[in-house]
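Subject: Structure handover

Hello,

Here is the structure you asked for. Please open it beside this email and follow along; my notes come after it.

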Amino acid sequence: METHLPILLIAVPLVAAPLMVLIGNRTLVMILSIAVAWSVFAIAVGLMGQVLEPGNGVIEYALGDWPSPYGIVYRIDSFNAFVMLFVSALGAIVLTYAPVSIDQQIPRSKHYLFYTSYLLCLTGLLGMCVTGDLFNVFVFLEISSLSSYALISLGKNRRAPLAAFQYLILGTIGATFFLLGIGLLYQITGTLNMADIADRLAIANTPRAQLVAFAFMTVGLCIKMAVFPLHTWLPNAYTYAPSVVTSFIAATATKVSVYAFARLVFTIYTPKFAFETLPLGEVLTVFALVGIFVASGAAIYQYNVKRLLAYSSVAQIGYMLLGISLATELGLSAGIVHMFNHALIKGGLFMVVGCFALRIGSVRIGDLCGAAKTMPWTSFAWVVGGLGLIGVPLTAGFVSKWMLLKATMEQGRWPVAVLMLISSLLAVVYVWKVVEALYFSEPSEKAKHAKEAPALMLVPTYLVIGLTILFGCWSVFSAGLANEAAKALLMTSMGGAP
Amino acid sequence: MTPENLIWISLLLPLLAVVLIYLFGAIPNVREACTIMVSIVLFAANCQLAATVFDGGRPTFELGEMLPGFDIAFTVEPLGMLFALVASGLWILTTIYAIGYMRGHHEINQTRFFACFALAIFAALAAAYAKNLFTLFVAYEVMTISTYPLVTHHGDEKAKQGGRVYLGILLSTSIAFFMFAIIWTNEVAGTLDFVKGGILTQPAIDGKISNNELAVLLGLFAFGIGKAALMPFHRWLPAAMVAPTPVSALLHAVAVVKVGVFSILKVTVYIFGTELIQTTSIGSAFSQVGMSDWLCYLAAASILIGSIVAMQKDNLKARLAYSTVSQLAYITLGAALATQSSVIGGGMHIVMHAVGKITLFFCAGAIYVGAHKANISDMRGLGRAMPWTFGAFLLASLSIIGLPPGGGSWSKFFLAMGTYESGHTWLMATLMISSLLNIAYLIPIPIRAFMTPKGEQPMAYQEAPMMCVVPLCITAVGSVVLMFFADGIYHVLLPIVTP
């Protein structure tokens, strides 16, 4: 059983998803899906434990016992184990939070479809992490993307289908670019196994084809990561999707794409190729910084809290890319730990917004005015989560900021460090804009008659928000795992035996 | 009890108070009794700790790694001990005063108020005990956040605006400058521990950091520690005056602002080292100036401008706020001069100014509770009705000005010695002019209050409740008594500046 954990991680939700359609009963589907999501999390924890066992390091699982590189292998090191851990954790927590929220936002007749798509999306995201086969990454990318288009279009607002369509067009372009890159790599190396591609690329004498493949895959993934200026799909998608869907996708989807991108740069290609032959470091730094400033600036001017958080997400992706673009162990650790911390913070904040949406029926700042009087717990959760987003000490956001700052200063890149610090002040503005509305404004009509969110939603929300505090105080755990992950990633790029 | 245990106990006590306050939130008498009990126990614990520290002991307590390579750890040294004693001692009095004030005023959300107060005290103690810059920074930020609900306590538009300036300036300076300076220091020195003699001396000799960079780093610290209210980043302090008066008294005359100047002193003494600051000069080959000279001038300007602005304020709390800005710059000046006397004078001024200024704020609050007057021009003749309050005001004013029998005369004396020792003798003139300005804006207040113009009826007000008046009398007497204990403080602080 233990040796089969890698495949169970995928098989369980993948098999469960269509079962939900067959079952169809709303309550039963809900209970089953939540059970599945939590068991997936348990499997991810088990895998993490196996990877961290001394002397273990990497788990290889050959599907159907076909030896690599002929068959598909699932390959797990401390990097993807870490990503899978928090993706599955948030997947489970958000799904526990979901029932009350979707009851209001999605017609009951479609609930089983929601659970099906949700589980499929989770499968896709975990699959992208677990697999060691490049074409398999594409397959799972499409599974997660298609199901997320479906999830977004479930939104009540009439603009939700349009937002989903917009995402579908851009997402498909991204995925197609990625596939083109895979095709070129297959042409060069004749294999789809990532480690095998890496070995053969090192001796292949086809610089132009390699460059083109790299370019296609980078741009494709940048669309999925929502790197500025390829982020245009994200604000609408996050704004019009049902609250639960936004919480889940915002916490996980972009991070998994960042994971795939890091694999591309460090495992398949080499940092030497990306950062010395190509000026990827400089380009990424520039796009990341411009993106941080533009998106944070845009967030300040939003009147819709969901859209505000969406722009903030675009900015935060910039911080992750900054870490990766440094290509040092410390920089990578910072980027990876920010993936984790931001997943918690943004997931938590979107859950808070979901609570407001449920009780107030709107997420416009004007309607949230004075909600602290009627919804004190929810409002306080926003304050705590917001402090995390700003990066105040003792919150998770501080950990990433500190590590990233240290990594840039270690490289002597103090202009980047200065810009980063200034940009983080913009977060103060957009977070506090909402805090002031909640606490200091005259209550709006809608907020006056609102009730506190139900415990079924508050408890999971506070669980996530509490985790941001926990990993702010006890960051040796998260930063330690991120450091292990960075080491694992750099080791693969050394050409060392995986 | 070993001193090591005392450290974590006294850190835990305010947190315990937070829990108790929320637990008994519905029963105000029990809630306040708990706060007072905890504050008394805390002060006792601090006194016991002080016995060890002033004997030369340096108890250490390590909580553990928070980030890889960065510890939360505490070591108590004399400067921090002195600050902790002041903060915890005055917390008892402020709590008693706050009960009178908050109830006399029928304020809402008193539970939140007392809880945040205790949290701020926790942060002040953590900063006072900090073993390294990282711990200090964390405590500093916790303090900013925990005092925000106190500043915006009234929850109206004015509170919102004040809170915005407060949080905006304190957070942005600490993130943009302070945090940057800390990481830079860590990069250069490889450690963030407070070490006697400084940790930057060796890197400066090794050429890891040039003299000009040292001056920039000092600037990042001086401006980054926004709580020291060095001009031009002082605006948050007047803005914070929208808070209820007990907050202005303990936090914006003692705990918060003193964490600022305390941090600056700590950085100059334990990170740079006074010797490094004195011997390093910057500039071209033709004209060389000391690396901290600019900071001396800026602090001197802050002293004078603060006093001049204070003179123009009719609102008593606003006048006291600008007076605080000016007085804090004395301490920054003491740090920037970096001589033996100036550092001791700065450290001593933390104590003297704390006791004096808290009295003045207590008085301002008592006047507001008793007579509902906030503007100085309305206080004419009020002294007859409120003799205790205005008598205390007069005594504390003497201490702030630096006239005997006020304790402040000693700290200002040592600061003046410092200007002489460092060769900036003309800065002494600044100190003297500022003292004159202090007289001009403080003394007329009690004088006018006691001198009723002929033909006017004495006002029909009476003193504020006992809970308000007794604490302010105690602190006023304290500010005089300290005059006779300056010797003790001098000897306590001497070890931190002697090699």
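Which residues does Thr285(A) touch, not counting residues up to four places away in sequence? Leu322(A), Ser325(A) and Val416(A) are the ones. Before going on, please keep in mind that this is a predicted model.

Thr285(A) itself sits in helix α12 of chain A, which covers residues 280–300. Within 10 Å of Thr285(A) there are 21 other C-beta atoms, and a residue counts as buried at 20 or more, so Thr285(A) is buried. For a sense of distance, take Arg364(A): 79 residues separate Arg364(A) from Thr285(A) in sequence, and their C-alpha atoms are 33 Å apart in space.

Next, chain B as a whole. Chain B contains 21 helices and four strands. Its radius of gyration is 22 Å, close to the 23 Å that the globule rule gives for 499 residues, so chain B is as compact as a globular protein of that length. Along the principal axes, the C-alpha atoms of chain B fill a box of roughly 75 × 50 × 45 Å. Of the 499 residues in chain B, 62% count as buried. If you take the contacts in chain B between residues at least 6 apart in sequence, 79% of them join residues at least 24 apart.

Helix α4(B), residues 110–129, packs against α5(B) at an angle of about 165 degrees, and the two axes are 8 Å apart. An angle over 145 degrees counts as roughly antiparallel, so that is how α4(B) runs relative to α5(B). The crossing of these two helices, α4(B) and α5(B), is left-handed. On the α4(B) side the residues that meet α5(B) include Phe113(B), Phe117(B) and Ala120(B), while those on the α5(B) side include Leu136(B), Tyr140(B) and Met143(B). By class, this contact of α4(B) with α5(B) has 16 nonpolar, three polar and one charged residues.

Last, the place where the chains meet. How many residues does each chain give to the contact? Chain A gives 27 residues and chain B gives 21 residues. On the chain B side, β1 (60–67), α5 (133–151) and α6 (157–189) each supply at least two residues. The largest share of that side, eleven residues, comes from α6(B). By class, the side of chain B that touches chain A has 15 nonpolar, two polar and four charged residues.

Regards

Conventions: Residues numbered from 1 in each chain as written. Chains lettered and ligands numbered in written order. Predicted model: local features only at pLDDT ≥ 70, side-chain atom pairs only at ≥ 80, totals over all residues. Contact = placed C-beta atoms within 7 Å. Nonpolar A, V, L, I, M, F, W, Y, C, P; charged D, E, K, R; others polar. Rg over C-alpha atoms; globule rule 2.2 N^0.38 Å. Buried ≥ 20, exposed ≤ 12 C-beta atoms within 10 Å, placed from the backbone. Axes fitted to C-alpha atoms, helices over the stretch in contact; angles between N-to-C directions. Parallel < 35°, antiparallel > 145°, perpendicular 65-115°, else oblique. Left-handed = near helix turned anticlockwise from the far one by under 90°.
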